[in-house]
Amino acid sequence: MKNTYIVILARENKQHIQDEIDSLYDREGSKKRFKNIIVRDGNPMSKLDLDKINLSKARTVLLMTPGFENDRVMTRDASGDEMNFEVSKLFMFIVWYFSSLKTESNTNIVVETSSKNMEKMINDYHKESLNQMSVSVNFNEITGKMIAVTSIMPSVNPVMKQLFSFKGVEVYIEDIPEGKTINDELLENRSVIPMCDMGDKRVYVAENEEELGRRNGRFKLEKKLPDKTIVPKINFEKSNIIIVGINRKLPYILESLVCFKREYENDQLVVLLAGTPDEEESLKEFYSNPVYESILLPKKYNYVIVNDIYNPMEELGSLTSNKADSIIFLSNDMVSEVHIDEKPLMYWSNLKKSIRQNENVDVIVEILDSQNQSIIERKNKDQIIVSDEFLGHVYAQLGKNPKRIDVIKDMITSDGDSSSVNVDMEEQNDSDLVCVAVRDFFGGKKYDLTFKSKRELIIWIYEATAHRALPIGIVRDSVEYIFARTDSSNDDLDSCVLLGVEEGQLSPGNTDKIVLEDDDELVVLMLN
């Protein structure tokens with residue numbers, strides 16, 4: 001990172017942006033500032049200003065959607081058409097800028113958008129360009145899919161954040177080594193997990209890039225495999241989902257749940273929508289749409305109207321306390337930034353007592369203004385999604401390699417999902433990231449789940465399921481542990497990351513064994 005510089009160019013006042021960055025560090029309680037952030041005020045559509053920041057030498061250009069300008073409400077979600085037009089103009093200008101250079105450039109262009117048409121435009125450009133990779137990120141799509149996955153598998157949320165936050169491990173995409181299967185690499189490298197293949201590329205989880213090509217000798221699996229292949233049981237405990245509020249992410253949430261229900265044959269999955277009187281027409285449209293019929297069960301428009309967000313107990317109290325497995329409170333992306341989180345905060349605040357009566361319910365509160373996150377965290381330990389936080393992780397990943405967007409989409413989408421297409425518009429769904437309780441995964445059958453190391457655990461399950469399931473982590477007591485290796489240390493499940501230990505070495509805690517318990521959740525890539 002010492003040689004990595006981030007340059008921010010915007011029409012806004014330079015000091016305003018710098019203050020925003022400083023306030024972020026203050027909220028996170030971080031004393032260490034990242035020194036290599038350079039802020040410049042200027043016109044992103046001015047060749048002169050682009051020359052001044054040396055854009056031609058950039059590794060990646062991220063085109064962000066506009067915010068407030070001249071007191072005119074143009075939040076990132078509020079004015080979809082206008083917002084996408086602004087980004088489209090900027091994208092076309094940046095493309096022209098690079099095409100006008102006398103020397104060829106390999107700069108990657110990442111565009112934030114919420115329009116399918118805009119995505120198609122960028123993907124078409126990607127096909128025509130020989131030197132540049134252009135990738136669109138539909139933030140409504142990405143966060144909508146994350147909300148859907150979290151509603152049925154709450155543990156996926158922190159796992160995904162850890163996988164894509166550069167904390168301990170990183171996702172890499174490399175050429176498939178000639179003649180090496182995933183199984184070969186699992187046996188030969190104790191510091192890397194090869195996860196899945198995408199075309200002629202292989203996806204890895206590793207602590208650093210230096211570990212990718214390293215060989216540590218071939219591991220011999222001594223633990224006896226079961227007589228019959230284990231068929232993993234993917235049983236999602238969260239089947240009754242209530243979604244309160246409507247925004248542009250809701251279609252992606254519903255589509256994702258429909259696909260999960262179909263792929264994993266979860267006949268119990270049912271969704272109930274709720275909204276205010278001004279949202280009733282939209283509710284009717286969702287319930288009359290045959291695409292969502294399998295989960296919404298449109299019998300006489302079976303939605304709920306909440307007449308007063310400050311007193312929603314009458315309509316939602318009994319549902320939240322008795323019938324819900326997951327409750328999603330969506331932000332209102334059709335209003336100004338001042339009011340954008342008003343509805344979910346009011347719903348949560350007035351329903352929290354009722355929610356606490358249901359010990360099994362998981363609450364997902366979408367917060368678009370990160371300053372509001374602490375309001376909930378100080379009072380309760382509800383599951384929280386801060387949309388921009390996860391998007392920030394995604395953008396950071398794409399800054400290093402835009403193709404990582406395919407990996408992210410692949411993990412959070414299911415078969416038939418429109419989001420499971422890559423930048424070349426090819427349908428792909430090579431793997432699904434799931435978190436499932438150990439007792440469910442093995443279908444109630446008893447196996448010896450004592451392992452000498454995490455490496456043995458990974459390879460044994462991978463082999464026992466005929467390469468159908470690849471464990472990459474465990475959630476124990478609500479703490480996620482992603483398997484990789486850190487500091488060459490020999491830790492047990494009590495620290496964040498470690499793939500395997502050398503045979504004969506003892507783990508901390510005076511034990512040389514790892515024992516899976518019924519209440520543990522396996523973080524598994526289901527491979528297609």
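This is a predicted model: local features need pLDDT of at least 70, side-chain atom pairs count only at pLDDT 80 or more; totals for chains, interfaces and linings use all residues.
Asn54 has a phi near 60°, a positive value in a residue other than glycine. With a relative accessibility of 43%, Asn54 counts as partly exposed, because that class covers the range between the buried limit of 20% and the exposed limit of 50%.

His467 is not a glycine, yet its phi is positive, at about 65°. The loop that holds His467 lies between helix H17 (454-464) and strand E17 (469-476). His467 has a relative accessible area of 33% and is therefore partly exposed.

Attention now turns to the packing of helices. Two packed helices are described by the angle between their axes and the distance between the axes. For helix H5 (residues 139-152) and helix H8 (residues 250-263), the angle is about 45° and the axes are 8 Å apart. H5 is therefore oblique to H8, since this angle falls in neither the parallel range (under 35 degrees) nor the perpendicular one (65 to 115). The crossing in which H5 passes H8 is right-handed. On the H5 side, the contact is made by Asn140, Glu141, Gly144, Lys145, Ile147, Ala148, Val149, Ser151 and Ile152. On the H8 side, the residues in contact are Tyr252, Ile253, Glu255, Ser256, Leu257 and Phe260.

Helix H11 (residues 313-323) packs with helix H12 (residues 342-356) at an angle of about 45°, and their axes are 9 Å apart. This arrangement makes H11 oblique to H12. H11 and H12 also form a right-handed crossing. Met313, Leu316, Gly317, Thr320 and Ser321 of H11 make the contact with Tyr347, Asn350, Leu351, Ser354 and Ile355 of H12. The contact of H11 with H12 has 5 nonpolar residues, 5 polar residues and no charged ones.

In H15, 9 of the 9 residues are buried, so the helix is largely enclosed by the rest of the structure. The buried residues of H15 include Ile405, Val407, Ile408, Met411 and Ile412. Also among them are Arg404, Asp406, Lys409 and Asp410.

The aromatic residues complete the picture. A pair of aromatic rings is described by the distance of the centres and the angle of the planes. The count of aromatic pairs comes to 10. In one of these, the ring centres of Phe441 and Phe442 are 5.0 Å apart and the planes stand at 85°, so the pair is edge-to-face. Phe441 and Phe442 are both buried. Phe451 and Trp460 form an edge-to-face pair too, with 5.7 Å from centre to centre and 65° between the planes. Both Phe451 and Trp460 are buried. These two pairs belong to one aromatic cluster, formed by Phe441, Phe442, Tyr447, Phe451 and Trp460.

How values were computed:
Residues are numbered from 1 along each chain as its sequence is written. Side-chain values use heavy atoms; hydrogens and water are left out. Axes are lines fitted to C-alpha atoms, for helices over the stretch in contact, and angles run from 0 to 180 degrees between N-to-C directions. Helices (H or I, at least four residues) and strands (E, at least two) are DSSP runs, numbered from the N terminus. Angles under 35 degrees count as roughly parallel, over 145 as roughly antiparallel, 65 to 115 as roughly perpendicular and the rest as oblique. A crossing is left-handed if the near helix is turned anticlockwise from the far one by less than a right angle, and right-handed if clockwise. Contact means heavy atoms within 4.5 Å. Ala, Val, Leu, Ile, Met, Phe, Trp, Tyr, Cys and Pro count as nonpolar, Asp, Glu, Lys and Arg as charged, and the others, Gly among them, as polar. Rings of Phe, Tyr and Trp (its six-membered ring) pair if their centres lie within 6.5 Å; planes under 30 degrees apart count as stacked, over 60 as edge-to-face and the rest as tilted. Buried means under 20% relative accessible area, exposed over 50%, partly exposed in between (1.4 Å probe, protein chains only).
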